[in-house]
Amino acid sequence: MDIIGALLDTLRNTLLDVAPIAAVIFGFQFLVIRRRIPNMARFLVGFLCVILGLCFFLVGLELALFPLGRAMAEQLTHVEFLYGADAALDAVTYHWSHYYWVYLFALAIGFSAVLVEPAVIAVAIKANEVSGGAINVLGLRLAIALGVGVGITIGTFRIVTGGELLYYIIAGYAVVVVQTFFTPRQMIPIAYDSGGVSTSTVTVPLVAALGLGLASSIPGRSPLLDGFGLIAFAVLFPIITVMTYAQLARAWERRSDRTRPPDREES
Amino acid sequence: MPILAVIGFFQLLVLRAPLPDAVGVLAGLVLVVFGLTLFVYGLELGLFPIGESMAYAFARKGSLAWLLGFAFALGFATTIAEPALIAVAGEAARTAVQEGTIPDTLDARAFYALELRAVVALAVGTAIVLGVVRILKGWPLHYLIIGGYVLALCMTSFAPDEIIGIAYDAGGVTTSTITVPLVTALGVGLASSIRGRNPALDGFGLIAFASLTPMIFVLAFGMVV
């Protein structure tokens, strides 16, 4: 396999992606602020590390995980796998309980994809810094990952049963609104942010493949209308789990006065 | 690597097929771990400091117009070139042709996709500006966000069906791996350079706006077109 070629290709794409950002930063830095960047060399090295790191990361994913993940999403949602090779397509009564492997896969893939998501790591590091260590980096990442896993599972359930996307979303946001009033104020912005950061480089391609595969294997579902919309679940549910995490952490602190907040959450 | 465990489990036990191309998978894993390490290292060295130092510089300069201009430019520039958004916009143009919203020509499709990208980029630019104003004024985040989602839900019932899924997804795809650390550092830097603002309480929340406003803007776009 031509790793070098893939690397160069990804490098070019990443550079194109980064170019407008760099232009804005340097434009404002030189024209408006008109002050030299402190530690210019250090900053440039850091920027280079980010770009190169992202390249290696993406090429590695493309090499190792994406093809398999996509293929599996297709295989698991395939009619032959679900009902056996000899099942006639229209004779089968579709029932949501036949899809248990799909749910389990959705939960597992959502959870593990978010755990390696670079954007989530970045926000968790910052949250840890800002809170003076009160927010555990791994704990926050686990909470977000659990949220995406559960969200995507419910999203696949919706595609299978064919419910209205809007009702699920309304119910989810109702939970968010109620929870907001019981969550420590410091954690609310971080929780709201975690919805947006969880859907990034790793998660979106895998989740989209799952949604499109599922929607095209079930009769009466349109890949365009039902296949999309899984991302909306992946944005919504981390907000809920991170707030739950914050509530549990506070409850834990109160109970055992000065011990550290728990690393894991159970829910 | 948790993803590998998941895929291995399903591949071997559920589908009962062997892993193809084990060498390639292994090489890929090494690259993933190496790349992630390098990324996190560069984050601490480059992206976090530049975001914060620019926030301090703007706060010292005291020019609101430039700060808001920078916020908008950052949001707009990072979104318009986002690969995930380009993919979604192309998909959306294809749906629009099927629904008969636009004529089936290459030009019309390209124009529709470009329009959609511009709308989303505009939305993210607006979101960052709104988020920065919120940090400066110290408004509580949850009222704004909840209000925004109520607005989005109300608009959903009036918007054409085919745009809804795309609108909801647009919120998720706009926040890329390089934008997130920069924007987070900008927010935290601003909040900690203004007296009376708590970095945790006021510094976060920019991303939340950036995933909310594209929904509203795209829904509005679907209603107008």
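How many aromatic pairs does a search of the whole structure find over all chains? In this predicted model, the search finds 12.

One of these pairs joins A:Phe43 and A:Phe47, whose ring centres are 5.5 Å apart. Their planes stand at 55°, so the pair counts as tilted. The two residues belong to helix α2 of chain A, which covers residues 40–64, and because they are 4 residues apart, about one helical turn separates them. A:Phe43 and A:Phe47 are both buried.

A second pair brings together A:Tyr168 and A:Phe233, with ring centres 5.9 Å apart. Here the planes are at 70°, and planes over 60 degrees apart count as edge-to-face, so this pair is edge-to-face. The pair connects distant parts of the chain: A:Tyr168 is in helix α8 (residues 165–180) and A:Phe233 is in helix α12 (residues 230–255), 65 residues apart. A:Tyr168 is partly exposed, its relative accessible area being 24%, whereas A:Phe233 is buried at 1%.

Aromatic rings also take part in links between the chains. A:Phe28 is joined through ring pairs with B:Phe58, B:Trp66 and B:Phe70 in a cluster. Elsewhere, the charged end of A:Lys126 lies over the ring of B:Phe48, at 4.2 Å from the ring centre.

Helices of the two chains meet as well. From α9(A), A:Ile188, A:Pro189 and A:Tyr192 touch B:Leu141, B:His142, B:Ile145 and B:Ile146 of α6(B). Sorted by class, the residues in this contact are 6 nonpolar and 1 polar, with no charged ones.

Methods. Residues numbered from 1 in each chain as written. Chains lettered and ligands numbered in written order. Predicted model: local features only at pLDDT ≥ 70, side-chain atom pairs only at ≥ 80, totals over all residues. Heavy atoms only, no water. Contact = heavy atoms within 4.5 Å. Nonpolar A, V, L, I, M, F, W, Y, C, P; charged D, E, K, R; others polar. Phe/Tyr/Trp six-rings, centres within 6.5 Å; stacked < 30°, edge-to-face > 60°. Buried < 20%, exposed > 50% of the residue type's maximum accessible area, 1.4 Å probe, protein only. Lys NZ or Arg CZ within 6 Å of the ring centre and 35° of its normal.
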